[in-house]
Protein chains: 2
Amino acid sequence: MQPSPSAAESRSLTRSELEHASPLEVRRAIREGRWRTNTKRLALGYHQANLTIVPERYAFDFMRFCVANPRPLPLLDVTEPGDPVPRKVAPDADLRTDVAEYLILRNGEVADRVRSLEGIWRKDHVGFLTGCNLSLDRVMLEAGIPLPHLTSEEAFPAQYRSSVQCTPAGVFRGPVVMSLRPVPNALVVPLIELTSRYALSHGAPAHIGDPAAIGIRDLSKVDWGRENVIPPHHTTMFWACGITAQAAAMESRIPEIIVHAPGCMFVTDRVVKESTL
Amino acid sequence: MQPSPSAAESRSLTRSELEHASPLEVRRAIREGRWRTNTKRLALGYHQANLTIVPERYAFDFMRFCVANPRPLPLLDVTEPGDPVPRKVAPDADLRTDVAEYLILRNGEVADRVRSLEGIWRKDHVGFLTGCNLSLDRVMLEAGIPLPHLTSEEAFPAQYRSSVQCTPAGVFRGPVVMSLRPVPNALVVPLIELTSRYALSHGAPAHIGDPAAIGIRDLSKVDWGRENVIPPHHTTMFWACGITAQAAAMESRIPEIIVHAPGCMFVTDRVVKESTL
């Protein structure tokens, strides 16, 4: 008996197999359940994005919230209400199936985790895609900046609610969530120079050094992601993070919002290039 | 009798007096009725913006229309509903008073021209500011590119509806309006290089050469602005233009939209720098 193509295709993939895959191949692997975890190092060189889905009645508020807070929420695309296709950055994708795991928040609490939004996506849903640091994995690797999440399968940045507040827009308000990277001292300036040229992926760091200066009192109390050990001769550097959208949804306690599970980004067709705001 | 300060301030100003004025000074001159015409060469080096005001029920559609069509409509700021202050690009300005002349369109037709929106601005009005070519007057002058509108008080770019269509969003659809500049042949490439670095001011030209290729059959039939004579040894170059918003309002026949009168831009506090989309 011949093995069917679908059986052959159904095996799980390894991260190294998807590093140099196209965004379409990565999205297909996710859609078919052959990739079910975080997207670091996948489709290197393409923009990865935070996904935020809100009912249309909150969508104009959320869009202004992104434009008012472009460091944490650089807007890459927004869908027409009810249309699950992000036509600007991935016109053959489907926001209902192309993210490995989704969180459904109701009234500011995580109510469900699902692998697909089929049967959940509604005609009044609007999807927003905003920039993400993982988009810079390729330029980091090419620049010889070995951040922990790039060299260890287990490592992932830690994210914290900071004391820095977003500019409110409509119902949305809340803290800027900051993403921590421990950086060898000698690489601090090169990393500032590098990241400052990519505004659509959060740009330059928002803070360097003492976490308490931005209201983070205890690095072991991680709000999202995984705790990072700070080795000797390393500096704590913080970047504005797209999870800011989720924190705002929690703080605003809007009745419903759907987001990607942390680290499980949407992979776009957009090539990473230097960008400004 | 001493002349009162208000009397002294009430005299009209000359363009050269406002060329190197601050954006605040230009806005004050406009607010006080001491500057009542187009804003070319004013507050050189700061972003000038197209103003579009729509009722809140059309605002999310219009915001998506801007994001879907960033060449004609690069978004610089959007106000909270009912708030006439563009807090991102000019936090001490007032959209009701700081534009020299406004057009009120109803159902796709110009219904009125007014000098102020006091008594007209409502709690459900949302203001959008989008980028404008006049923002580049300073870099054009510094680069030694003497476009006609910079060297002659009477000259102003001509704008035409083209056959290039915008990406629709919600109720908004329509042609990309193109702004014509006749450019000496030797300056065509330098001008492409220069403008391509300023995406927030429409970036590189959308078309060069035969106007018929973008559906413009007769250059003497100007839709907005003033007819430009094309001298010998000059090339017709076209850029996407912010009047695209007004054309979309006309085509969509939305019940109400308020825009700046052509050429009478809103002057922001934002310094012009190289930008991407």
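Copies are superposed by least squares on the C-alpha atoms of residues with pLDDT of at least 70 in both. The exercises below concern a predicted model.

**Exercise 1.** Determine which rotation superposes chain B on chain A, and how the two copies are related.

*Solution.*
Step 1. Chain B is brought onto chain A by a rotation of 180°, with 0.0 Å of shift along the axis and an RMSD of 0.0 Å.
Step 2. The two copies are therefore related as by a two-fold rotation axis.
Step 3. Both copies use the same surface, since 100% of the contact residues of chain B recur in chain A.

**Exercise 2.** Describe the side of chain B that touches chain A by its elements and its residue classes.

*Solution.*
Step 1. The contact joins 14 residues of chain B to 14 residues of chain A.
Step 2. At least two residues of this side of chain B come from each of α4 (56–68) and β2 (75–78).
Step 3. The most is given by α4(B), with six residues.
Step 4. By class, this side of chain B holds eight nonpolar, two polar and four charged residues.

**Exercise 3.** Identify the domains of chain A and characterise the contact between them.

*Solution.*
Step 1. The domain assignment divides chain A into domain 1 (18–134 + 252–271) and domain 2 (136–245).
Step 2. The C-alpha centres of these two domains of chain A are 21 Å apart.
Step 3. Domain 1 of chain A brings 30 residues to the contact, and domain 2 of chain A brings 32 residues.
Step 4. On the side of domain 1 of chain A that touches domain 2 of chain A, α4(A) gives the most, with six residues.
Step 5. That side of domain 1 of chain A comprises 14 nonpolar, eleven polar and five charged residues.

Technical notes. Residues numbered from 1 in each chain as written. Chains lettered and ligands numbered in written order. Predicted model: local features only at pLDDT ≥ 70, side-chain atom pairs only at ≥ 80, totals over all residues. Contact = placed C-beta atoms within 7 Å. Helix = DSSP H or I, 4+ residues; strand = E, 2+ residues; numbered from the N terminus. Nonpolar A, V, L, I, M, F, W, Y, C, P; charged D, E, K, R; others polar. Domains from an automatic or database assignment.
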